[in-house]
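Dear colleague,

Please find the structure below, followed by a summary of what was found in it. I would be grateful if you could read the two side by side.

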Amino acid sequence: MVKESGETIEGLTGPGCVDDRLKVHRHSFLEEAYRAFACDRQDPTRSADMKESEFSHLLKLIYYQRPISRTALSEQLDLSLGYVSLLVKRLQEDGFLVEGGFAESSGGRRRIHLQLNPELAHLVGVDFGTANIRVVVTDFLGKVLSFEKSPSATYRGKDSSLQLVCDQVNAYCKEDAAIRAIGVSHSGVINHEEGTVLFWPRVQGWERVPIKAILEQVCGKRTLVEDSSRTMALAEQQFGEGKGIKNLVHVSVGMGIGSAVFANGRLCLGHKGLAGELGHITIDEDGELCSCGNRGCLEVFASGSAMIEKVRSALRKGVISSLTAQEGSALTIESIVAAGRAGDRLSQNVISEAGTHLGTALADIVNLLNPQKIILGGAVPQVAQNLLMEPLMLSLRQRAFSHSVHDLEVVVSRLGEEASAVGAALLVAEKVLEEELRRKVDR
Ligand SMILES: [Zn+2]
């Protein structure tokens with residue numbers, strides 16, 4: 001046991017145990033964390049804040065690099081394997097860590113994987129979209145335990161939609177006592193510190209909606225709200241195409257368009273957290289009016305709602321199409337894509353034009369940020385991939401610097417429609433981890 005800084009750790013002295021490196025790293029956060037957690041709870045000179053931050057650091061490393069072996073932890077932290085094993089044992093006893101499977105090995109002993117205990121807590125993720133509300137319950141590592149999708153029916157008014165979400169989430173919280181927190185994915189302009197939707201361009205009357213406060217009051221669980229492009233990107237980073245990519249742009253194209261930019265592994269939030277509004281960059285200064293109040297935004301050229309509106313407009317003008325029978329409200333992205341695949345020229349042209357405009361906008365992004373990878377998420381790329389990608393890539397290659405495009409990867413997300421809700425659930429995992437640590441340390 002560590003007694004005072006600089007003294008030895010009982011049980012770890014002797015050959016093959018603690019080596020000299022431990023003394024070198026006497027003041028490393030691991031040693032300090034171990035002292036705080038295991039041995040030094042009564043020390044009045046150490047603040048509770050320090051203990052939390054140190055343990056938080058250690059567990060977050062395991063959380064974000066999972067699954068990871070003791071050997072890999074030891075190598076990455078430059079600490080002895082014996083010391084790391086002791087820490088791991090302690091965290092296993094306290095229910096934070098579990099072993100799961102074996103790591104690939106080039107020979108010798110197989111390395112056992114470590115990860116955070118998936119049953120540390122359950123989480124709720126809500127994807128609040130213009131067309132649908134998707135709710136997932138996940139374990140602590142984001143594995144989906146249940147999934148529910150229902151129309152958001154925003155046309156019925158704000159109160160009706162919010163009531164629907166509150167009823168669904170509250171039912172899950174009452175049913176599953178392990179649920180600790182709620183993450184909400186929402187499009188529009190979000191104040192994520194307050195958990196308020198400041199402005200949702202495509203939905204009238206949706207201004208200054210305090211979703212965090214409403215859900216916390218109704219469900220009694222900690223709630224965080226974040227932009228839907230960012231929650232999608234979070235899911236991609238943990239489970240999808242974004243794993244291990246430091247310079248990454250995630251572009252979501254649904255009824256609206258948004259983006260999340262990771263530069264050197266860090267999410268760019270912007271001065272007030274409002275970075276990433278790709279849908280509202282100007283493509284044509286004199287273009288059509290956008291729901292945000294400006295003219296000629298990318299959204300009026302390439303979003304799902306723009307594609308539907310362009311088909312409707314053409315049908316009104318008498319353009320011949322297999323979609324004529326669906327001129328009313330039944331038009332959807334899916335029906336336009338299905339018609340396009342079956343040879344309908346109007347649908348093919350509308351999707352192709354959207355792809356060209358998206359490619360133009362992505363070329364600007366590539367020239368500005370030089371990403372390694374662009375992930376296209378949301379309903380439009382997933383449904384219309386075959387018709388959309390060729391014009392998109394053509395336009396992108398024509399307009400971006402060839403050196404930047406040379407080894408750029410542009411891929412369509414392979415995560416399912418629940419990706420944004422899962423990302424929202426993961427959003428709150430870190431906060432729950434901190435709360436759990438505080439509970440254990442204070443105990
Ligand atoms: Zn706009």
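The helix α5 is followed by Gly95, whose phi is positive, near 85°. This is a predicted model, in which local features need pLDDT of at least 70 and side-chain atom pairs count only at pLDDT 80 or more, while totals for chains, interfaces and linings use all residues. Residue numbers start from 1 along each chain as its sequence is written.

Overall composition

The protein chain has 15 helices and 16 strands; these are DSSP runs numbered from the N terminus, with helices being H or I of at least four residues and strands being E of at least two. Of its 443 residues, 42% count as buried. A residue is buried if 20 or more other C-beta atoms lie within 10 Å of its own, exposed if 12 or fewer, and partly exposed in between, with C-beta atoms placed from the backbone. Among the contacts in the protein chain with a separation of 6 or more, 62% join residues 24 or more positions apart; a contact requires C-beta atoms, placed from the backbone, within 7 Å.

Helix α5

Helix α5 covers residues 81-93, and its 13 residues should span 18 Å at 1.5 Å a residue, which agrees with the 18 Å between its end C-alpha atoms. The expected span is 1.5 Å times one less than the number of residues. Its buried residues are Tyr83, Val84, Leu87, Val88 and Leu91. They cover an arc of only 135° around the axis, which puts them on the same side of α5; the arc is that of the directions from the helix axis to the C-beta atoms. On the other side of α5, Lys89 and Glu93 are exposed.

Strand pairing

Strands β5 (residues 132-138) and β6 (residues 144-151) run antiparallel and are joined by seven bridges; two strands pair if DSSP finds at least two bridges between them. Thr138 has Val144 in β6 as its bridge partner. The hairpin of β5 and β6 has five residues between the strands, and Gly142 takes a positive phi near 90° in it.

An open sheet of five strands has the order β14-β13-β12-β15-β16, with mixed pairing. At its edges stand β14 (266-267) and β16 (409-412), each with a single partner strand, so one side of each is left without a neighbour in the sheet. Helix α13 (residues 379-399) packs on the sheet, touching β12 (248-253), β15 (373-377) and β16, and its direction makes about 150° with that of β16. Such axes are lines fitted to C-alpha atoms, for helices over the stretch in contact, and angles run from 0 to 180 degrees between N-to-C directions.

A further open sheet consists of three strands in the order β8-β9-β10, with antiparallel pairing. Its edge strands, β8 (189-191) and β10 (207-209), each pair on one side only.

Nonpolar core

The largest nonpolar core has 104 residues, of which Val124, Val126, Val169 and Ala425 touch the most other members. Helix α15 (residues 419-442) provides the largest share of this core, 11 residues. A nonpolar core is a set of buried Ala, Val, Leu, Ile, Met, Phe, Trp, Tyr and Cys residues joined through C-beta atoms within 7 Å. Not counting residues up to four places away in sequence, Val126 touches Ile133, Val135, Val165, Val169, Ile182, Val184, Ser185, Ala421 and Ala424.

Yours sincerely

How values were computed. Contact = placed C-beta atoms within 7 Å.
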